[in-house]
Amino acid sequence: MINWNKITAELDGLEIVTDASQVAKLSLDYYHFSPILQAQLADKRADLVVRAANEEDVLKVARVCVKNKIPLTVRGAGTGNYGQCIPLEGGIVLDLTPMNKIHWIEPGLASVEPGVKLAALDKKAREIGWELRMYPSTYRTATIGGFIGGGSVGAGSINYGQLRDRGNLHAVRIVTMEEEPRVLELRGDEVQQVNHAYGTNGIITLLEIPLAPAYPWAELIVTFDEFLEAAKFGQAIADSDGLVKKWISVFAAPIPTYFTALKDYLSPEKSCALLMIAESSLEPFYDLVKEWGGKITYNKTAKEAKKGTSLVEFGWNHTTLLARSIDPNLTYLQTFYWNLERVEQMYHYFGDEVMIHLEFLRAGGKAIPAGLQLVRYSTEERLNEIIKYHEDNGAGIANPHTYILEDGGRKIVDPIQLAFKERVDPYGLLNPGKMRAWLDRGQ
């Protein structure tokens with residue numbers, strides 16, 4: 001039995017949160033997007049929360065946890081959706097949001113602490129003509145450490161693919177959970193040992209993030225009578241190498257009805273595309289709209305788009321958030337369709353039970369349609385049938401209804417990540433219960 005008064009004394013000098021309501025809030029994320037995770041994770045809580053202001057604080061927390069064999073779960077802003085930062089076995093939640101210094105930014109690269117908000121980093125980088133390569137729809141509140149630890153794609157992925165693609169994470173510093181915790185620096189391919197590992201393989205304290213040349217991004221909405229025409233239009237933009245774009249999102253009707261803030265620009269019976277296009281590419285873009293029979297209903301310059309809510313906050317998983325605020329019986333899937341033929345197949349097969357929301361990204365050097373479909377949830381059995389049908393017909397499902405690292409996206413055990421965890425977290429104290437490779441080792 002852990003004596004928490006003793007632990008609090010050992011952590012003297014650090015900011016500690018013990019208020020039950022605050023501890024509960026800082027123990028959870030947006031896991032409730034999944035009715036399955038909602039049942040599994042609703043009662044999971046840390047025993048206390050510690051906020052770290054610097055690397056020395058992190059080392060102190062690590063030492064106390066190792067000495068007393070206390071589970072430690074790291075969190076940023078808690079904007080994930082799969083329970084990545086929810087402590088399954090209690091213990092301490094380590095909040096890294098106070099570690100929010102931008103150490104330096106130079107052309108193409110930035111050195112930042114994990115608690116830096118993505119929007120703040122993007123704004124600072126733009127001062128010297130650069131920007132984030134990609135960011136999620138939660139960019140205004142999400143932290144860079146949380147994005148690296150639990151995210152994978154976002155606006156910009158049409159150009160730069162996924163976070164795990166070589167070159168999208170330059171270097172990280174981590175604190176280990178060994179008998180005597182150390183600081184390690186990982187560079188190049190070594191970063192994959194902690195990239196998208198849910199904080200199971202070390203506590204990130206510093207990152208070097210590659211940047212992209214900044215463009216003034218116009219934001220547009222294009223509506224279509226037919227969803228498949230909208231989807232083909234999205235693929236046409238994605239395949240137009242001469243068009244500079246940051247984001248291509250396509251929604252089948254009736255999804256646009258959930259975008260109440262955009263109701264003046266959308267029609268319930270029409271499908272639509274939401275886009276970010278470089279202002280210098282608008283003229284050829286307009287020709288493409290005309291070619292595919294679309295109608296532009298919303299067109300903001302980059303300067304205008306900076307005021308108010310960006311259209312990106314209607315895409316990616318913000319779509320799920322907005323839809324669920326109107327119909328809480330909705331849930332979602334994450335799918336690699338790979339091609340439009342498979343999109344069409346699923347569209348006709350499932351109808352409105354699985355409403356298709358496409359996000360275009362680069363995978364293996366090709367522009368592909370991926371999905372964050374809205375699913376009308378009935379039972380867990382039916383949801384699994386829907387997943388199985390997709391997989392049996394060649395689609396890849398990154399299952400958002402599991403908190404297990406390997407069961408979500410990659411579906412395979414990564415021996416490199418396991419070997420690294422055995423080295424840097426030999427007692428399995430970091431975010432226990434999330435890595436199948438660790439749970440199944442020796443079997």
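The largest nonpolar core has 58 residues, and Leu207, Leu262 and Leu274 touch the most other members. A nonpolar core here is a set of buried Ala, Val, Leu, Ile, Met, Phe, Trp, Tyr and Cys residues joined through side-chain atoms within 4.5 Å. Apart from it lies another core, of 41 residues, with Ala218, Ala231, Leu243 and Leu288 among them. The model is predicted: local features need pLDDT of at least 70, side-chain atom pairs count only at pLDDT 80 or more, and totals for chains, interfaces and linings use all residues. Residues are numbered from 1 along each chain as its sequence is written, and side-chain values use heavy atoms, with hydrogens and water left out.

**Core residues and contacts**

- Leucine 262 is in contact (heavy atoms within 4.5 Å) with Ile221, Leu274, Tyr298, Leu311 and Phe314, leaving aside its neighbours within four places in sequence.
- Phenylalanine 251 lies in strand S12, residues 245–251. Helices (H or I, at least four residues) and strands (E, at least two) are DSSP runs, numbered from the N terminus.
- Phenylalanine 251 is buried, at a relative accessible area of 0%. Buried means under 20% relative accessible area, exposed over 50%, and partly exposed in between, with a 1.4 Å probe and protein chains only.
- Beyond its neighbours within four places in sequence, phenylalanine 251 has contacts that include Phe227, Pro256, Phe259, Cys272, Leu274, Phe314 and Ile356.
- The C-alpha atoms of phenylalanine 251 and threonine 18 are separated by 43 Å, and the two are 233 residues apart along the chain.

**Second largest pocket**

- The second largest pocket has a volume of about 580 Å³.
- Of its 22 lining residues, Asp122, Arg126, Tyr139, Ala305 and Lys306 are the closest to the centre of the second largest pocket.
- Pockets and cavities are found on a 1 Å grid over the protein atoms alone: a cavity is a set of points where a 1.4 Å probe fits but cannot get out, and a pocket is an open set with protein on both sides within 12 Å along at least five of seven lines. Lining residues have an atom within 4 Å of a point.
- Grid points are joined across faces, edges and corners, and a volume is the space filled by probe spheres set on the points.
- Helix H5 (118–126), strand S11 (217–224) and helix H10 (302–305) each supply at least two residues of the lining of this pocket.
- H5 gives the most, with five residues.
- The lining of the second largest pocket divides into ten nonpolar, two polar and ten charged residues. Ala, Val, Leu, Ile, Met, Phe, Trp, Tyr, Cys and Pro count as nonpolar, Asp, Glu, Lys and Arg as charged, and the others, Gly among them, as polar.

**Cavities**

- There are three cavities of 30 Å³ or more.
- The largest cavity holds about 70 Å³ of space.
- Its lining includes Leu132, Arg133, Met134, Phe147, Asn168 and Pro210.
- Helix H6 (144–150) and strand S10 (203–213) each supply at least two residues of the lining of the largest cavity. The largest share, three residues, comes from H6.
- By class, the lining of the largest cavity has eight nonpolar, one polar and one charged residues.
- The second largest cavity holds about 40 Å³.
- Residues lining the second largest cavity include Thr200, Lys421, Asn431, Lys434 and Trp438.
- By class, this second lining has five nonpolar, four polar and two charged residues.

**Cysteines**

- The structure holds zero disulfides, a disulfide being a pair of cysteine sulfur atoms within 2.5 Å.
- The sulfur of cysteine 85 is 16 Å from the closest cysteine sulfur, in cysteine 65, so it is too far for a bond.
- Cysteine 85 is buried, with a relative accessible area of 8%.
- Cysteine 272 is buried, at 0%.

**Backbone features**

- The peptide bond from alanine 253 to proline 254 is cis, with omega near 15°. Proline 254 sits in the loop between S12 and strand S13 (271–278).
- Lysine 69 is not a glycine, yet has a positive phi of about 55°. Lysine 69 is in the loop between helix H4 (55–68) and strand S3 (72–75), and is partly exposed at a relative accessible area of 39%.
- Tyrosine 198 also has a positive phi, near 60°, in a residue other than glycine. Tyrosine 198 lies in the loop between strand S9 (183–187) and S10, and is buried at a relative accessible area of 6%.
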